[in-house]
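Subject: Structure handover

Hello,

Here is the structure you were expecting. Please look through the sequence and the coordinates first, then read the notes below.

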Amino acid sequence: MYKKITLLALAAPLAYTALPSTPTNFVVINLDDVGYGDFSHNGAYGYTTPHIDKMAADGVRFSHFLVGQAISGASRAGLLTGCYPNRVGFAGAPGPGSDFGIHPDEMTMGELLKQKGYKTAIFGKWHLGDAHQFLPLQNGFDEYYGLPYSNDMWLHHPQNASFKFGDLPTIEGNKVVGYNTDQTQFTTDYTDRAVNFIKTNKDKPFFLYLAHSMPHVPLAVSDKFKGKSEQGLFGDVMMEIDWSVGQVLKTLQQLGLDENTLVILTSDNGPWANYGNHAGSAAGLREAKATTFDGGNRVPCIMYWKGKTKAGTVSNKLASNIDLFPTLAEISGAALPKLKIDGVSLLPLIKGDMDANPRESFVYYYNKNDLEAVTDGMFKLVFPHKYVTYGAYAPGDDGMPGKLVTRDITTCELYDLRRDPGERYDVIAHYPLVAARLMEIADRYRNDLGDNLTLKPSKNNRQAGRTKDYK
């Protein structure tokens, strides 16, 4: 049986000294399958998100924020460990009875902050393994209520004849407290528990991870928002999510905690586009979740810290959800793990230093260890690979998926994201030196993490936890 590694006793050095002497609270709100265009300030139609829009107006909005991988489980592993998911042996979206999960030697965000005495909780979707040893209470969280994986991994899945899912468990702590829970209540239940957690721990430093199950299909909304939007059920769900964000922000304000709490709102990946009117919008970015085009990896991200974030700031610098781990470490003074991470602190950008450039590049891994693209934030070099396209057929409707097709990219392609964020026009012939420079960055990662597409073996990838090691 594995044991947790011994953590460093010394706190990570701070780049900024003007941080509060009182420990800063952290709220990370991670939505499921929300695309870049799904908030009204980014162009959503048929509904509005006033609380989220105000959060963006009062804080800093990141326009080039990428997830570690464009699929739920791997994305969440990256967020909670500060690593590219393949570095920690994570890929895909583990389903019921998965034989792998978060390795106990990996430090999660909860464990990071518990070093400094934080109370920690997750309400919502976990997706880092459903076996006992992989659940939140064994990995840095004091409280947990929610789903161990995606809300469609149940017997009512529209394609269950192929997947053969069973009953969907709802877990509190380490115990299953129900099966096939009424999903119309999830957003409200998670929100109520989040608000109560803040109130209970108002005099202690806390970390709240609010990981909503929505708007992942199957969509479900409470009666208080049913039929309220002009975009059907999807719009209703987004309005309820906006209400939830508003409840959290209002609670912080009422308790006088908003000046001492960093609130981060983002999504695990882009929209699931082949679900049509039950899916969101990538705002013109190419493709959607489960691809390494930016419709899959680029997601909204807003950070609000009253008195610290400059109202109305937009950062166009490259950033990722794997950067949140070291950002919280720097702010809290918590010690980083001994094991290597890939994230960089975004604190300079949060505090308004728009000349800072903490992340100079990002590599798009997918599947188990396929390096499919690399970017410096302005240009993106895409490598030959197979991908699933959402645009070959009409999308699905009313909760049913559309048909997908696999296509091949057979040669390297270069996109100028400054002029072509939709990745439609290959300009590799015009910028051969840029392509060569990006290839050098990719080769450095191949030498570190490997690349199955070029048959480059990994040197420094670690293993996920395995259920067999606990028998």
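Helices (H or I, at least four residues) and strands (E, at least two) are DSSP runs, numbered from the N terminus. Just after α10, Gly 450 takes a positive phi of about 80°.

Two remarks on the source. This is a predicted model, so local features need pLDDT of at least 70 and side-chain atom pairs count only at pLDDT 80 or more, while totals for chains, interfaces and linings use all residues. Residues are numbered from 1 along each chain as its sequence is written, and side-chain values use heavy atoms, with hydrogens and water left out.

**Helix α10**

Helix α10 covers residues 432–449, which is 18 residues. From first C-alpha to last it reaches 25 Å, close to the 26 Å expected at 1.5 Å a residue. The expected span of a helix is 1.5 Å times one less than its number of residues.

Which residues of α10 are buried? They are Val 434, Ala 435, Leu 438, Ile 441, Ala 442, Tyr 445, Arg 446, Asp 448 and Leu 449. They cover an arc of only 165° around the axis, which puts them on the same side of α10. The arc is that of the directions from the helix axis to the C-beta atoms. Buried means under 20% relative accessible area, exposed over 50%, and partly exposed in between (1.4 Å probe, protein chains only).

On the other side of α10, Pro 432, Leu 433, Glu 440 and Arg 444 are exposed. The buried residues of α10 pack against four strands: β14 (362–366), β15 (370–375), β16 (379–382) and β19 (413–416). Contact means heavy atoms within 4.5 Å.

**Helices α5 and α6**

Helix α5 spans residues 186–200. Its 15 residues should span 21 Å at 1.5 Å a residue, and its end C-alpha atoms are 21 Å apart, which agrees. Its buried residues are Phe 186, Thr 187, Thr 188, Tyr 190, Thr 191, Ala 194, Val 195, Phe 197 and Ile 198. The buried residues of α5 pack against β5 (119–125), β6 (143–147), β7 (169–172), β9 (206–211) and α6.

How do the two helices sit? The axes of α5 and α6 come within 10 Å and cross at roughly 10°. That makes α5 roughly parallel to α6. Axes are lines fitted to C-alpha atoms, for helices over the stretch in contact, and angles run from 0 to 180 degrees between N-to-C directions. Angles under 35 degrees count as roughly parallel, over 145 as roughly antiparallel, 65 to 115 as roughly perpendicular and the rest as oblique.

On the α5 side, the residues that meet α6 include Thr 187, Thr 191 and Ile 198. Their partners in α6 include Glu 240, Trp 243, Ser 244 and Gln 247.

Thr 191 lies in helix α5. At 1% relative accessibility, Thr 191 counts as buried. Leaving aside neighbours within four places in sequence, Thr 191 is in contact with His 212, Trp 243, Ser 244 and Gln 247. Thr 191 and Gly 124 are 67 residues apart in sequence and 9.3 Å apart in space, C-alpha to C-alpha.

**Nonpolar cores**

A nonpolar core is a set of buried Ala, Val, Leu, Ile, Met, Phe, Trp, Tyr and Cys residues joined through side-chain atoms within 4.5 Å. The largest has 53 residues, of which Ile 29, Phe 39, Met 55, Phe 123 and Leu 265 touch the most other members. Helix α6 (residues 232–254) gives the largest share of this core, 10 residues. A second, separate core of 49 residues includes Met 107, Leu 112, Phe 207 and Ala 334.

**Backbone points to check**

Most residues other than glycine have a negative phi, and most peptide bonds are trans. Two bonds here are cis: Met 214 to Pro 215, with omega near 5°, and Val 217 to Pro 218, with omega near 0°. Pro 215 lies in the loop between β9 and α6, and Pro 218 is placed in the loop between β9 and α6 too.

Glu 287 has a positive phi of about 60° although it is not a glycine. Glu 287 lies in the loop between β10 (261–267) and α7 (294–297), and is buried at 17% relative accessible area. Glu 423 has a phi near 55°, again positive in a residue other than glycine. Glu 423 lies in the loop between β19 and α10, and is buried at 1%.

Best wishes
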